[in-house]
Amino acid sequence: MRRVVCPGSFDPVTNGHLDIIGRTSRLYDEVVVAVLINVEKKSLFTVDERIEMLNAVTKEYGNIRVEKFHGLLVDFCRQQEIPTIVKGLRAVSDFDYELQMAQLNYRMSGVETLFMSTNPEYSFLSSSRLKEIARYGGDVSGLVPDLVNTLLVERLRG
Ligand code: PNS
């Protein structure tokens with residue numbers, strides 16, 4: 001069983017995330033999408049809401065399992081017997097941070113990190129920018145799945 005993890009906050013999942021998850025699902029037997037429980041960071045959606053959205057929008061791939069985790073990602077990988085992390089790289093600006101994390105994770109545990117280049121169509125996309133646009137009435141359709149768009153508008157504009 002070739003298993004891999006795609007970790008993140010997913011607050012909420014974007015088409016950029018989905019692109020990486022979908023392409024990864026073609027390379028591995030099982031993709032575990034791991035949602036970080038971060039009590040220090042204020043989030044728009046609860047972890048369970050994010051999991052529900054992820055389950056709905058990844059159902060069609062057939063080999064995705066959505067889980068939550070807290071603490072170190074490498075500990076989650078050990079518990080779940082996952083040897084590899086896949087991360088999307090949008091631009092050079094992601095690189096320093098991601099490289100440092102990949103090297104630390106490898107140093108701590110031997111878990112490998114593989115970087116997948118994002119689809120240029122989504123290379124400018126981030127959950128925080130999306131929330132900002134949606135909060136002020138901007139249109140984010142085409143950047144998030146329809147379900148997420150509906151929930152975003154509901155949550156932000158009451
Ligand atoms: O979507 P995000 O917020 O960029 O995802 C970041 C995430 C969850 C992948 C990263 O913060 C993470 O792995 N956090 C868990 C804590 C951890 O393992 N830290 C050590 C890094 S060396």
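This is a predicted model: local features need pLDDT of at least 70, side-chain atom pairs count only at pLDDT 80 or more; totals for chains, interfaces and linings use all residues.

Trainee: Which one gives the most?
Mentor: H4 does, with eight residues in the lining of the largest pocket.

Trainee: What's the volume of the largest pocket?
Mentor: About 1,400 Å³.

Trainee: And how do the lining residues divide into nonpolar, polar and charged?
Mentor: For the largest pocket you get 21 nonpolar, 15 polar and nine charged.

Trainee: Let's switch to S4. Why is it largely enclosed by the rest of the structure?
Mentor: Strand S4 covers residues 84–89, and five of its six residues are buried, so the rest of the structure largely encloses it.

Trainee: How many bridges join S4 to S5?
Mentor: Six, and the two strands run parallel, with S5 at residues 112–117. To get from S4 to S5 the chain passes through helix H4 (residues 92–109), and that β-α-β crossover is right-handed.

Trainee: Which residue in S5 does Leu89 stand opposite?
Mentor: That's Ser117.

Trainee: What about S1, then? Is it mostly covered or mostly open?
Mentor: Mostly covered, since five of the six residues in S1 are buried. S1 is joined to strand S2 (residues 30–36) by six bridges, and these two run parallel.

Trainee: Which residue of S2 is opposite Val5?
Mentor: Val32. Also, S1, H1 and S2 together form a right-handed β-α-β unit.

Trainee: While we're on strands, where do the side chains go in a regular one?
Mentor: They alternate between the two faces of the sheet.

Trainee: New topic: how many aromatic pairs are there in the whole structure?
Mentor: A search finds one. The ring centres of Phe69 and Phe76 are 5.4 Å apart and the planes sit at 40°, so the pair counts as tilted.

Trainee: Is Phe69 buried or exposed?
Mentor: Buried, because its relative accessibility is 7% and the cut-off for buried is under 20%.

Trainee: And Phe76, buried or exposed?
Mentor: Phe76 is buried too, with a relative accessible area of 4%.

How values were computed
Residues are numbered from 1 along each chain as its sequence is written. Side-chain values use heavy atoms; hydrogens and water are left out. Buried means under 20% relative accessible area, exposed over 50%, partly exposed in between (1.4 Å probe, protein chains only). Helices (H or I, at least four residues) and strands (E, at least two) are DSSP runs, numbered from the N terminus. Two strands pair if DSSP finds at least two bridges between them. A crossover is right-handed if, with the strands pointing away from the viewer, the path from the first strand over the helix to the second runs clockwise. On a 1 Å grid over the protein atoms alone, a cavity is a set of points where a 1.4 Å probe fits but cannot get out, and a pocket is an open set with protein on both sides within 12 Å along at least five of seven lines; lining residues have an atom within 4 Å of a point. Grid points are joined across faces, edges and corners, and a volume is the space filled by probe spheres set on the points. Ala, Val, Leu, Ile, Met, Phe, Trp, Tyr, Cys and Pro count as nonpolar, Asp, Glu, Lys and Arg as charged, and the others, Gly among them, as polar. Rings of Phe, Tyr and Trp (its six-membered ring) pair if their centres lie within 6.5 Å; planes under 30 degrees apart count as stacked, over 60 as edge-to-face and the rest as tilted.
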